[in-house]
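Visitor: Can you walk me through this one? Keep it brisk.
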Amino acid sequence: MKTRKFIDHVVVHARAGRGGDGSGSFRREAFAPLGGPDGGDGGRGGHVIFRGSHDLDSLIALYFAPQLFAEHGVSGSGRKMHGRNGDDLVVPVPCGTEIFNAETGELMADITSDGQEVLMARGGGGGLGNVHFKSSTHQAPTEHTPGAAGDEFRLRLELKIIADAGLIGFPNAGKSSLLRAVSKAQPQVAGYPFTTLNPIVGTVEYDDFSRLSVADIPGIIEGASSGVGLGLRFLKHISRSSVLVYVVDMAGVDNREPWSDYNTLCREISQYDASMLERPSLVLANKMDLPSARDNLECFIQETGVSPLCLSTLEPAGRGVSEFKTMLKDILKPRPRGSWEADADEPTTETQINSADASAQQSAAADFITDEALRQAPFLDLPNAEN
Ligand SMILES: Nc1nc2c(ncn2[C@@H]2O[C@H](COP(=O)(O)OP(=O)(O)OP(=O)(O)O)[C@@H](O)[C@H]2O)c(=O)[nH]1
Ligand SMILES: [Mg+2]
């Protein structure tokens, strides 16, 4: 499988355009040798705007081109001509991108949805032409002002993938296998630890056309909070997930004890962000097709007090996998695509007014059409027609 560099943080230099200068011009033409001041204003500098895009999943484009410079405004000119505004620079970023001021660390914006636009650096205003400075006592002003500088920032962009559910587990627990079983995503699966090196998002589709996104992240091991393995670097990608799914290798294939795996996972996550433990979660006992898994299950329940959902990802159509999908759906309650149920239940005031207007218009139109039709087309054989 081809691998692609996954970039989830990048520092960029955003500079909005400078405003164009005002012009100091005088009208000079045949028969108007001493025309008055006619210098136009400068155009506004272009803004730097960030726009959320669901077609992107990484900040790689900005990693290779971090200089985000919008166009400068054009200076004004004679005949009171206004300079052209600089073009805005629209920068597409994946949904889930947080934008910080790199100098102060202040969170400036959080882009969470497709099409969401945030103006990060405002273009400088255009300067004034000399036409603004004329007065009865100052009829030939040469004053004109320069365009203002645009905003300029060093910005740190951090991507936190937005998925409805996040899979957490030790390496080799079967997280990627589970994602393959429930979605069309094709993460690499292999019998060695750290097969998955980047977060991967899959979409689970249901018969009623509703869908949920599930994120698979690299495995977590003991000491991850202090940087062991790949550390907790990728946990931020499930920190926004509404449901956490613990995937435990119940067969203990790598000579591990499933109950201590589960306790370790909870401990590492609480060290990362204790509030994540309060979220709805599901515990999955994977590899239940292996005999040792059945032996370990009793012990797991006794040690942890949690009774997990048993499944085997080797049977994607099996009961366990479909029960998992159903449980996810019950917790997250996704709306079928194209459904307008909520709007239908609670029409907005605007909708109510519009529909009231519409029915009034319809009845007015019906009255008009009937009368008109009778007058204009007496040959029509309409019921109750008074001729
Ligand atoms: N017997 C059995 N083997 C499984 C099952 N699920 C996964 N495996 C095997 O377990 C190994 C690891 O599976 P992966 O899906 O790559 O595990 P992972 O949790 O994504 O691992 P990392 O990406 O390394 O963190 C592979 O050899 C799979 O074939 C299962 O239900 N039963
Ligand atoms: Mg994996």
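Guide: Terms first. Helices (H or I, at least four residues) and strands (E, at least two) are DSSP runs, numbered from the N terminus. This is a predicted model: local features need pLDDT of at least 70, side-chain atom pairs count only at pLDDT 80 or more, and totals for chains, interfaces and linings use all residues. Residues are numbered from 1 along each chain as its sequence is written, and chains are lettered from A and ligands numbered from 1 in the order in which they are written.

Visitor: Which helix gives the most to the shell around ligand 1?
Guide: Helix H2 (residues 175-182), with 3 residues.

Visitor: And which residues are the closest to ligand 1?
Guide: Gly174, Ser176, Gly191, Thr196 and Gly219, out of 24 that surround it. A residue counts if its C-beta atom, placed from the backbone, lies within 6 Å of the ligand.

Visitor: New topic. How many residues has the largest nonpolar core?
Guide: 69. Such a core is a set of buried Ala, Val, Leu, Ile, Met, Phe, Trp, Tyr and Cys residues joined through C-beta atoms within 7 Å. Buried means 20 or more other C-beta atoms within 10 Å of a residue's own. Val48, Met120 and Tyr246 are among those with the most contacts inside this core. Strand S12 (residues 243-249) gives the largest share, 5 residues.

Visitor: Where is confidence lowest?
Guide: In helix H7 (residues 349-376), at a mean pLDDT of 40. pLDDT is the predictor's confidence in each residue, from 0 to 100. Strand S3 (residues 67-69) is highest, at 97. The protein's mean is 85.

Definitions and conventions
A residue is buried if 20 or more other C-beta atoms lie within 10 Å of its own, exposed if 12 or fewer, and partly exposed in between; C-beta atoms are placed from the backbone.
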